[in-house]
Amino acid sequence: MTDLLTRPGARRPAVEDRLNRRGSLEPREPGRPRRSLVVALVLACVTLMTLDHVDDGAAIDPLRRVVGEVYGPAESGVEAVVRPVVAVPHWLRSHHDLADRIDDLESENDQLRSQLASNDYDRNRLQEYDALTATAESIGYALVPARVVGIGPAQSFSRTVTIDAGSRAGLKPDMTVVNGSGLVGRILRVTSTTATVLLVVDADSTVGARVGRSMKVGFLHGRGDLGQQARLDLELVDQTYVPSAGETVVTWGSQDGAPYVSGVPVGRVESVYSSLRETTQRAVIEPFVDFSALDLVGVVVPSGTTSDRSVIELDGSLR
Amino acid sequence: MSPGPRFSSVPLPRVLATLIAVSVALVLQTSLFPHLAINGVVPDLVLLVVVAVGLAHGAETGLVLGFGAGLLLDLAPPADHYAGRWALALMVVGYVAGRLASAARPRVGQWLPVAAAASFVGTSVFALTGLALRDPAVGVGELLRVEVVAVAWDVALALVVVPLALGLFAKVEPDRVLA
């Protein structure tokens, strides 16, 4: 460019085939987009965002499903290939780790079977008059095992994962997802072979929760962090009650177990804040689940669900 | 998701090559790279493929392909943000990449800054639409932290992804000198 300008005798190239700034010959306006095209595409983007904004994205969901039917199995396939490869460092580390890994895998099944129960919470439930209902309720669930095959990037600022079980495994939107340690999240949408799970640490996630020892209710909000610093905020409805550090928080549950079944352990109270301005107590909860290392999860389904894989019933039997 | 019937002049091999490149990038981005993620931030492989398309075929093709690739990224599981956000961001990326470099086979020194700039612009546009739509509500500090890591990742991966993609495009259309 400067070269051309400093040379006074330089012939000004015709518009049809002028020199670009690297000095190579260009055809007329190479690939410069037509204005109508730009406007059309920008409008398309805005329309999509608007459609997704109204009615909770009901208009976009069929599209998501179609794309998911194609890319879901691809993600599962890649994950199946990648899994043994990323496990290699674990195996190489030491014999001790190897033994631990075997133990982990063996105990994971047992934990999955028993995790719907939680000590503090169950003790309270038994003392209550609705013991019969509670028993019926907790026996009414079974788990469909699944693996995490895709994780949304942090750049998207929403904490979602793909699991390799879908409608064929008996899954539906608004089912609870747990793992051996506690509550993972809930299902947003399903395709035939995969499902998208909203993690409880997502900034948009709200879970009805109960402090196990006192049965006080509140709402858990995610912060959008993963990993070791992942925390949840518990906003208690009763502002006079101060939960103590170390208390267990479990889900409170909703009607028909959607989106969250009751009594799933979520985390432990780490610290408590109270502000004079706000009228509610705010407790920081350390979740039991390590969201940066999610792998095997279970989806809570009604007992007797037909599935394309074995279902773990609450009594521990595989079906 | 490739240029529609309106672009009947676009050769079929190019359409297929870009579709394959975008699909591979998308699946690797959601299934392989989370294992290597830094604080959950993974390299934007799809964005880099769009940059390569912009470099190879110019701004208009980059724009259209960016829209298509972004739409896939918006809809493929486990995405849950408002659809159209990545479409808008990658559209801008394809356009910027196409405008900044239009030489036939650019050298590393030329396209690496373009890739870095495009990555910054793309993640910024996505983040800004998120701020505007409150989807989800994250702080500006968190946003900047993620963006810095993302751009670093993208520049590192651009060294691999962009030559691969450019090579693929050159292979399917060896006779084409210029966009």
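Modeller: Val207(A) has Leu220(A), a residue of β7(A), as its bridge partner. This is a predicted model, in which local features need pLDDT of at least 70 and side-chain atom pairs count only at pLDDT 80 or more, while totals for chains, interfaces and linings use all residues. Residues are numbered from 1 along each chain as its sequence is written, and chains are lettered from A and ligands numbered from 1 in the order in which they are written.

Strands are DSSP runs of E with at least two residues, helices are runs of H or I with at least four, and both are numbered from the N terminus; two strands pair if DSSP finds at least two bridges between them. β6(A) and β7(A) make a hairpin, with 5 residues between the strands. Within that turn, Met215(A) has a positive phi of about 65°.

β6(A) also pairs with β9(A), residues 248–251, again in the antiparallel sense, over 3 bridges. There Arg210(A) stands opposite Val250(A) of β9(A).

Chain B is built of 6 helices and 0 strands, in the order α-α-α-α-α-α along the sequence. Among its contacts between residues at least 6 apart in sequence, 72% join residues at least 24 apart; a contact requires C-beta atoms, placed from the backbone, within 7 Å.

Two of these helices, α2(B) at residues 45–57 and α5(B) at residues 108–133, have axes that come within 10 Å and cross at roughly 130°. Such axes are lines fitted to C-alpha atoms over the stretch in contact, with angles from 0 to 180 degrees between N-to-C directions. From α2(B), Leu47(B), Leu48(B), Val51(B) and Leu55(B) make the contact; the residues of α5(B) include Trp111(B), Val114(B) and Gly122(B). By class, this contact has 8 nonpolar, 2 polar and no charged residues. Ala, Val, Leu, Ile, Met, Phe, Trp, Tyr, Cys and Pro count as nonpolar, Asp, Glu, Lys and Arg as charged, and the others, Gly among them, as polar.

Between the chains, 51 residues of chain B are in contact with 55 residues of chain A. The helices α1, α3, α4, α5 and α6 of chain B each supply at least two residues of the side that touches chain A. That side of chain B has 32 nonpolar, 15 polar and 4 charged residues.

Terms used: Two residues are in contact if their C-beta atoms, placed from the backbone, lie within 7 Å.
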